[in-house]
Amino acid sequence: MSTIIKPLKLISFTLLLSALSTTNSSFAQRYELVKIDSIKIDSFEPIQITDYNYETKRFLAFGTGTKTLIEVDENGKKLSEANYLGEGPGHYSRGITELGYFGTQKIVNGPNVYFVYGDNWQYDFRMVYLTGGAFNPLSYIPGAPVVIESGGINKSVKAISHTEFGRYELKPDHFEKAPMLELVGPNDERRKIINYPKNSIYNTSPLYYDSHIPAFSYNRASKRLVMALPLQSKVYYYNTNTWELEKEFSIELTDFKKPKGLPYEDQHKNSLRGFGPSNEKNYIYNLQNSKIIKISSYGEINMITHATGFKERASVDTYPKASKEFKEKGQTIISFWKGDQKLFETNEPFNRVVRAGEMQFLTHVINEEEELDYSLFYIYKLRPVDQ
């Protein structure tokens, strides 16, 4: 990797686990988050790193302007690149939304289809999926798809939006038999898997909650799909061969509030102009409610990102007001967990985090004030303070 930066204590405090979690007050190991390294990729366009291969120690990167697919080593050296922008087999037009590793291959999420490429970026095959769609990103993309290994075959897992992002109205009993995910594999394998847990808020409450798309991650060590639903502080582990629930446990996320919802019959009343048919309160509650945004599982450690939302105020009754309140009062918190034990948390505003080890992650250094001929990334590590 590049020359190691002298470790910099990023957080001005270290956290005692006994003060954070009531589930294991005897565990008193303190942790700190330090910057251990940096990566620089030479480029005149902003580069986004989307995925990390733990076996080869390589990164996948995306040229945000040219839509070029790039593989780099830990020093930021470009090892190979390809561009399939346009029409024809393996081409993704401009509708690319994800880029990641697919075992030893690479995978791109295009418009309602996954394209799979070999070691040298040769186009191998495609996998069509049923749910969702694609959009035309102006620059950065969401990241990498979740890829699992099941029965010795790599497959992609995609979340299902049951309202198609607000277009469809759901019935009060919809989530009783609704699948959360779609499994997409070679040879036209497409099937919906894992219904919403019977004890989830979506099945036990008479209210409609617009935030229903789960966050999930594949843990290659345990071969389990680790999942969290956005509006409840609970983690689920699923077997990726049988798709049965193996275990679940609650976690204590900081400032995670009870969510607000709407009667099912009010889903499309008083819609927000320009935002589709959904009720404006759906957009307000999506900002006001606490919500798990992302979960990443590696080894024994889960890394969870959640938004705290903001406290209810009678005057915050429009989407613009809610957006302003969210920016001023809401926080985004990243926390590290070993089971239901919280090891550490921070509300530092990291950009486009990519997991790079059990206790490590990469973050983008985004400079919007000046044009540079390189893109810069920092790597942070969580470690005990006595190391």
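**Before selecting anything**

Residues are numbered from 1 along each chain as its sequence is written. The model is predicted, so local features need pLDDT of at least 70 and side-chain atom pairs count only at pLDDT 80 or more, while totals for chains, interfaces and linings use all residues; side-chain values use heavy atoms, with hydrogens and water left out.

**Confidence**

Colour the protein by pLDDT (the predictor's confidence in each residue, from 0 to 100). The mean is 88, and 90% of the residues reach 70 or more. Select residues 1-28 next: pLDDT stays under 50 there, and the model has 70 contacts (heavy atoms within 4.5 Å) beyond four places in sequence for this segment. Helices (H or I, at least four residues) and strands (E, at least two) are DSSP runs numbered from the N terminus. Confidence is lowest in helix 1 (residues 17-20), with a mean of 30, and highest in strand 23 (residues 301-307), at 98.

**Lys155**

Select Lys155 in strand 13 (residues 153-159). Is this residue buried or exposed? Lys155 has a relative accessible area of 8% and is buried, where buried means under 20%, exposed over 50% and partly exposed in between (1.4 Å probe, protein chains only). Its side chain makes a polar contact with the side chain of Glu189 at 3.2 Å. Such a contact is a pair of N or O atoms within 3.5 Å; within protein, one must be able to donate a hydrogen and the other to accept it, and residues adjacent in sequence count only if both atoms are side-chain atoms. Residues up to four places away in sequence aside, Lys155 also touches others, including Phe102, Val146, Leu183 and Pro186.

**Phe216**

Move to Phe216, in strand 17 (residues 215-219). Phe216 counts as buried at 12% relative accessibility. Beyond its neighbours within four places in sequence, its contacts include Val146, Val157, Leu181, Met227 and Ile295. For a distance check, pick Ser315: its C-alpha atom is separated by 35 Å from that of Phe216, 99 residues apart along the chain.

**Helix 3 and the largest cavity**

Now display helix 3 (residues 280-288). Eight of its nine residues are buried, so helix 3 is largely enclosed by the rest of the structure. The cover over these buried residues includes strand 16 (207-208), strand 21 (262-263), strand 22 (291-298) and helix 4 (319-329). At the N-terminal end, Asn279 caps the helix, with a side-chain oxygen 2.7 Å from the backbone nitrogen of Lys281.

Helix 3 also gives three residues, the largest share, to the lining of the largest cavity. On a 1 Å grid over the protein atoms alone, a cavity is a set of points where a 1.4 Å probe fits but cannot get out, and a pocket is an open set with protein on both sides within 12 Å along at least five of seven lines; lining residues have an atom within 4 Å of a point. Grid points are joined across faces, edges and corners, and a volume is the space filled by probe spheres set on the points. The largest cavity has a volume of about 50 Å³. Among its lining residues are Tyr208, Asp210, Lys260, Asn282 and Tyr285.

**The second largest pocket**

Finally, centre the view on the second largest pocket, which holds about 370 Å³ of space. Of the 18 lining residues, Pro46, Asn367, Leu372, Tyr374 and Ser375 are the closest to its centre. Strand 27 (360-365) and strand 28 (374-384) are the elements that give two or more residues to this lining, and strand 28 gives the most, with four.
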